[in-house]
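These entries record what I looked up in the structure shown below. I took the ligand surroundings and the pocket in turn.

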Amino acid sequence: MALIEVDALSTLFPSGEGDLRAVDGLSFAVQPGETVAIVGESGSGKSVTVMSIMRLLGAATRHEGAVRFEGRDLLALSEAEMRKVRGNRIGMIFQEPMTALNPVQTIGSQIAESLRLHRGLSRRDSRARALEMLSLVGIPAPERRIDEYPHQLSGGMRQRVMIAMALACDPALLIADEPTTALDVTVQAQILDLIREQARKLGAGVILITHDLGVVAELADRVIVVYAGRKVEEGTAAEILDRPRHPYTRGLLEATPRLRGGGGHRAGRMTEIPGNVPGLAEILAGCAFEPRCAHAQPCCRIERPPEVPVAQDHLVVCRRAEPVS
Ligand SMILES: Nc1ncnc2c1ncn2[C@@H]1O[C@H](COP(=O)(O)OP(=O)(O)OP(=O)(O)O)[C@@H](O)[C@H]1O
Ligand SMILES: [Mg+2]
């Protein structure tokens with residue numbers, strides 16, 4: 001059974017010009033132990049998707065669909081129930097550590113607090129476990145660092161603290177939104193190893209948002225490609241990287257330089273492809289990518305494209321795709 005099942009999720013921000021639909025009927029699932037990458041250009045709704053799962057977008061935001069996790073629909077939980085899920089059954093690593101860390105509380109007490117709240121540990125046990133977590137994520141001299149404040153740490157160390165916090169309660173699901181963008185290359189590799197190792201040890205599922213195709217190739221089992229808040233393609237990492245079928249995915253991959261010297265997967269950040277992402281207030285009756293698509297036909301503008309299975313474990317949302325026979 002899936003660990004988490006996002007079912008036709010839409011996220012709407014009310015505005016003067018009507019509802020802005022940042023996520024539009026998105027469905028995907030993550031199995032226990034599986035790492036699913038969400039990729040797409042800037043503004044395609046990746047962060048809004050995971051913020052919706054965590055219910056962190058504020059009271060004015062509207063959701064449609066369901067997010068089934070451990071037998072419940074997270075979208076239907078009360079705020080009090082949701083607080084028991086966050087940082088406990090679902091851990092989240094944010095792009096910017098300071099959004100998750102309290103600047104006026106020592107890192108040790110922040111981790112310990114979450115353990116007391118969710119696990120009912122005593123003061124003493126929670127501190128011991130916090131120390132253990134800090135050393136697990138590779139913080140040097142953790143017995144000294146544990147009493148420091150976030151600003152006393154480097155960016156890479158703060159990212160590690162956030163990972164320690166996200167993992168402290170042994171989450172079933174780990175969400176990582178661009179966990180390494182702000183870090184230098186060496187630290188990036190260490191942080192990614194850490195996420196992979198911990199996820200494997202816990203058997204946790206991972207939702208990983210990244211711009212970096214090298215990271216996708218290295219960490220992801222499956223890839224969801226999103227455009228304008230909609231899924232355009234889904235498949236195993238090998239299928240998506242080696243045999244991309246949607247014109248948008250192909251554009252993304254072509255815009256990304258190949259790993260120098262290597263014939264294998266491309267590396268580096270995805271760059272933009274020509275044209276612009278549609279505005280959130282635009283009503284898109286047909287395919288959202290149609291205005292930018294070199295292969296578009298008149299019907300693409302009018303009708304929503306179907307989901308076409310093109311291989312085992314490979315789905316393309318495009319009218320032109322040939323179904324597997
Ligand atoms: N609170 C909000 N109110 C209105 N619009 C929002 C809000 N938060 C995000 N958006 C819009 O929703 C769209 C999707 O944003 P999102 O942050 O999910 O993009 P993203 O795919 O994570 O991009 P990036 O790769 O740059 O992080 C964008 O057009 C953004 O401007
Ligand atoms: Mg984002």
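I began with the lining of the largest pocket: helix 3 gives the largest share, five residues. I note that the model is predicted.

**Entry on the pocket.** I looked up which elements contribute to the lining. At least two residues each come from helix 2 (79–85), strand 6 (90–93), helix 3 (107–119) and helix 6 (155–167). I recorded a space of about 610 Å³ for the largest pocket. Its lining has 23 residues, and Arg-86, Gly-87, Ala-100, His-118 and Met-165 are the closest to its centre. By class, I found eleven nonpolar, eight polar and four charged residues in this lining.

**Entry on ligand 1.** I then listed the residues around ligand 1, among them Phe-13, Ala-22, Lys-46, Ser-47, Val-48, His-211 and Leu-280. Helix 1 (residues 46–53) supplies the largest share of this shell, three residues. I sorted the shell into four nonpolar, six polar and two charged residues.

**Entry on polar contacts.** I checked oxygen atoms of ligand 1. One is 2.9 Å from an N or O atom in the Ser-47 side chain. For Val-48, a polar backbone atom is 2.9 Å from an oxygen atom of the ligand. For His-211, I noted 3.4 Å between a polar side-chain atom and a ligand oxygen. Ligand 1 taken alone exposes 640 Å², of which the protein buries 62%.

Conventions
Residues numbered from 1 in each chain as written. Chains lettered and ligands numbered in written order. Predicted model: local features only at pLDDT ≥ 70, side-chain atom pairs only at ≥ 80, totals over all residues. Heavy atoms only, no water. Near = heavy atom within 4 Å. Polar contact = N/O pair within 3.5 Å; in protein donor to acceptor, adjacent residues only side chain to side chain. Areas by Shrake-Rupley, 256 points an atom, 1.4 Å probe, with all protein chains shown as cover. Helix = DSSP H or I, 4+ residues; strand = E, 2+ residues; numbered from the N terminus. Nonpolar A, V, L, I, M, F, W, Y, C, P; charged D, E, K, R; others polar. 1 Å grid on protein atoms, 1.4 Å probe; cavity = no way out; pocket = protein on both sides within 12 Å on 5 of 7 lines; lining within 4 Å. Points joined across faces, edges and corners; volume = space filled by probe spheres on them.
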